[in-house]
Amino acid sequence: MKENFKRGSEWRLWDLHIHTPYSHLYNGFGNDWDTYVKELFKRAIANNVSAIGITDYFTIDGYKKIKTEYFEKEDKLKELFNSEEIEKIKSIYVLPNIEFRLNKLVGSNRINFHVLLSDDISFTDIEENFLHEIDFIYEAAPQSEDEKRKLKKNNLEKLGEKLIEQHTQFKGKSPLYIGMMNAVVDDKQICEILANKRNIFEGKYLIALPSDEDLSNVSWNGQDHQARKLLIQKSDILIATNPNTIQWALGKKHPSSEDFINEFKSLKACIGGSDAHTFDELFTKNQDRKVWIKSDLTFEGLKQIIYEPEERVKIQNTNPAYDFEKSAFTEIEIENPVNVFENEQLQFEKNRIPLNQNLVTIIGGRGAGKSVLINYFANGFKQYNVPFEKSEFNLSSDFKVKWKKSLNSTDETFPLDTQYDLPFLFISQSEVKEKVKDAKGLGEEIKKILELETLSFDQKIDETIQNYRSEFNTILEWFNKRDENNNPINQKSYIQQEIDKNRNLLDRITTEENKEKLQKYTANIEKLQDCESEKLSLEQLKTSLTEFLQKTNEQITKLNKGIPLLDFKPQIDGIDAAIKNIDDTIKEAQEENAKIKNDFKDYKGDIASLLSNVERFRHTISSYERRKKEIEEKENQRKSALNNKKKIADLIYSELLRHKSTIDQSWSRLLQGKEGWNEQQKELMKKIINNREIKIEGEIVFDINAFYDLVKEQLDGRIFKGKNSYEELKGLVGIIDLENYLDFLRNIDTSFQKIENYLRSNRYEFEKIFYDLQSRSKYLYVQPKITYKGKPLNKISVGQRGTIYLCLKLATNIFSQPIIFDQPEDDLDNDFIFNDLTDIFKEIKKYRQVIIVTHNANLVVNADAEQVIVATNNEEKLSYDSGSLENPVINTAVCNILEGGKIAFQRRKNKYHLNK
């Protein structure tokens with residue numbers, strides 16, 4: 001009983017070479033058929049074998065007996081097996097494999113020839129219209145035509161009886177054994193019969209040639225060359241498990257696969273098998289080279305290995321499905337009908353859609369519910385993309401999605417009335433086109449792909465830039481400060497002017513007679529001011545030390561860890577001594593000035609006013625002298641701050657170079673493959689990128705128009721009349737490229753002078769264009785410079801940009817979470833889809849689950865989709881059926897729904913075969 005195989009093509013264990021007790025040339029099973037059948041299927045179940053090729057020499061007797069006397073008789077099965085075993089046995093696919101001994105030798109070896117036939121062909125047609133029409137030579141005579149007889153059991157027995165009678169060494173053996181041992185048939189006749197009876201056999205047989213040799217290493221230089229080549233040419237598949245022969249048969253030992261096809265007519269899939277003749281050999285002989293075929297358990301499924309000889313069959317010990325660990329969605333279950341949107345009739349019907357772990361394609365006519373299904377699905381996992389927004393869907397608990405984090409883990413079920421976070425890539429319809437419509441947008445996406453989304457201007461460098469700018473502007477503001485009378489109190493020229501004025505005043509009240517005494521008097525006044533200032537500083541230091549000492553010793557005492565207490569006695573004593581010295585100096589100066597006052601007791605004028613004026617003028621002069629020194633210090637600081645501000649240009653440029661280098665290094669690392677990838681994975685990544693001739697390097701972008709758009713906002717249009725012209729703006733500012741821009745910043749002290757008079761506000765607002773990171777990033781940034789087949793982005797179409805984006809997205813994340821893509825053909829270059837994307841999907845589906853909605857037959861057929869889901873809308877009721885490409889129902893749907901479907905199937909069939 002055949003299953004529908006809704007999950008599509010899956011890897012299963014096939015053994016296409018199992019003999020029966022009717023294999024008379026070598027029967028190690030005995031003649032008890034019940035025992036044979038019981039052992040055959042119990043061992044098949046124990047070894048998880050899904051398909052068996054029942055093999056006999058020259059006949060289908062064993063196959064026919066199993067089918068008619070066991071499979072078709074429920075009571076007989078119940079005698080031998082329990083109900084659970086019977087259910088498993090009925091799921092095993094059984095087909096006939098007829099082994100012929102040919103009338104050809106290669107070297108000293110007789111060649112056998114296998115014909116695998118569909119189980120759909122009746123026993124009668126196989127026997128009467130094929131086997132019984134084959135001739136074998138019964139006897140010959142001089143100058144006479146060979147006597148031929150038909151390949152029937154009684155004729156083989158007659159041959160055996162004759163040979164036993166003629167050759168005493170054959171006596172004791174059965175006539176049928178001797179007849180089969182000596183009868184040989186012609187491969188040419190076998191092929192002619194099958195080819196000529198198309199109504200019966202067309203598309204329902206495969207010819208398999210055993211090859212125990214390493215065909216990559218045999219000598220093709222002898223007389224067997226043509227005999228060997230002709231047999232290989234007419235074979236669909238080889239029975240061979242030698243790794244070198246497998247690679248040779250796939251054309252990998254030839255200069256190209258085309259060269260192999262030209263010589264041998266097609267690439268050859270290789271299969272093995274137990275070739276079991278005894279119970280101990282059943283499914284265990286050659287078990288380290290098991291045959292895994294990815295298909296439905298049907299003859300059409302088996303035939304897929306000739307269309308995809310490398311991808312559909314593997315000879316290895318373990319299931320290829322587990323060769324690479326990956327997460328996958330495993331099923332969509334709609335327990336009850338679900339309204340897709342609130343207050344609308346559109347409805348998902350009750351359904352269960354198992355999902356293949358490899359390439360799943362969803363097809364259907366317009367409005368059939370293809371995109372709705374995956375967008376509803378994705379929305380349940382917080383993937384919100386146009387054209388469907390979060391609020392539109394009526395997420396229901398009756399819509400369940402099953403997921404495996406790894407192929408060996410158990411399913412997790414997610415009812416979509418609650419939204420979840422799961423790692424998968426969802427690309428909605430036209431999303432790629434939207435992301436790549438402009439170069440900067442594509443550049444930002446490429447940064448994400450290269451895992452450089454966090455690549456940004458270094459915060460510490462930006463802080464340094466802001467500090468340099470702030471430092472310079474603060475000093476500049478200090479120099480520009482004015483008092484309430486608008487005097488430039490921090491300008492050196494103004495200070496010198498005030499010093500000179502007060503000196504002149506002092507000179508006018510000083511005579512030769514009192515000059516020396518007044519100078520001494522004013523010097524003491526200055527000394528007293530300095531002493532009071534020093535004394536105040538020392539007292540403040542003493543207070544700080546005392547407070548620190550008290551606080552620290554309290555903490556040390558509290559910790560109680562034996563730490564010695566602090567003692568600042570030497571420092572405090574030193575401060576006290578210094579204060580005492582200052583007090584002594586103050587006293588000395590005061591006493592000296594008192595004496596000077598006393599000396600002026602005989603002065604004829606107003607001594608009080610004289611000394612007061614002297615003191616005032618001298619104090620003012622001293623004050624201005626100190627201010628002059630402060631200005632000189634500030635001038636040094638301004639010079640240093642200006643030098644720092646000029647450094648900002650190099651800081652910005654060095655950061656841009658760092659970004660460029662980071663992109664270059666990231667691209668270089670990508671081309672080497674990520675850590676942990678094997679060589680096959682690295683080669684796949686390179687194939688995706690190099691075949692498209694995609695190259696990426698960091699590029700510093702100075703968008704001159706975006707820069708002058710910001711400049712225009714800062715100019716006073718009443719003064720500068722040409723601010724709407726980029727050329728006039730360039731003439732005013734003098735920046736035409738990045739080099740000019742950096743020079744402008746390096747000469748910042750003079751750069752602004754020619755434009756200050758045109759500014760709408762102050763220069764500090766204008767400076768933000770250069771120094772504010774957010775403003776600067778609008779016109780000055782680093783992005784990946786991308787070329788595709790040698791062309792820059794501005795020379796390629798949006799579809800080609802989408803191709804670049806997808807290639808990089810796939811190449812950098814080949815081996816990660818599932819990808820769900822709604823109609824990739826809408827976003828991508830047609831040539832890329834036809835020539836490349838099908839092959840890319842064929843490769844990456846090994847490493848990640850791929851689910852696509854598509855109208856493109858090539859993406860379904862020539863990418864060899866493991867599963868096709870067909871969407872149908874019947875009066876707003878959405879239903880989904882699924883299966884494999886080899887499923888006739890699905891095959892028909894692909895041809896009817898997708899334009900070019902039949903052509904795509906034919907192209908797939910011809911791909912590895914010589915077109916006739």
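How many bridges join strand β3 to strand β4, and which way do the two run? Seven bridges join β3, residues 93–106, to β4, residues 109–117, and the pair runs antiparallel. Ile 98 in this pairing stands opposite Val 115 in β4.

Some ground rules. This is a predicted model, where local features need pLDDT of at least 70 and side-chain atom pairs count only at pLDDT 80 or more, while totals for chains, interfaces and linings use all residues. Residues are numbered from 1 along each chain as its sequence is written, and side-chain values use heavy atoms, with hydrogens and water left out.

Now the terms. Strands (E, at least two residues) and helices (H or I, at least four) are DSSP runs, numbered from the N terminus. Two strands pair if DSSP finds at least two bridges between them.

Next, the sheet. It is open, has nine strands and shows mixed pairing. The order is β9-β8-β7-β4-β3-β2-β1-β10-β11. From one strand to the next, the twist averages 30°.

Helix α13, residues 299–307, packs on this sheet. It touches several strands, including β1, β7 and β10. Contact here means heavy atoms within 4.5 Å. The direction of α13 makes about 50° with that of β7. Axes are lines fitted to C-alpha atoms, for helices over the stretch in contact, and angles run from 0 to 180 degrees between N-to-C directions.

On to the cavities. On a 1 Å grid over the protein atoms alone, a cavity is a set of points where a 1.4 Å probe fits but cannot get out, and lining residues have an atom within 4 Å of a point. Grid points are joined across faces, edges and corners, and a volume is the space filled by probe spheres set on the points.

The whole structure has three cavities of 30 Å³ or more.

Which residues line it? Among them are Ile 332, Leu 355 and Phe 377. Helix α14, residues 370–379, supplies the largest share, three residues. The lining of this cavity counts 10 nonpolar residues, no polar and no charged. Nonpolar covers Ala, Val, Leu, Ile, Met, Phe, Trp, Tyr, Cys and Pro; charged covers Asp, Glu, Lys and Arg; the others, Gly among them, are polar.

Conventions:
On a 1 Å grid over the protein atoms alone, a cavity is a set of points where a 1.4 Å probe fits but cannot get out, and a pocket is an open set with protein on both sides within 12 Å along at least five of seven lines; lining residues have an atom within 4 Å of a point.
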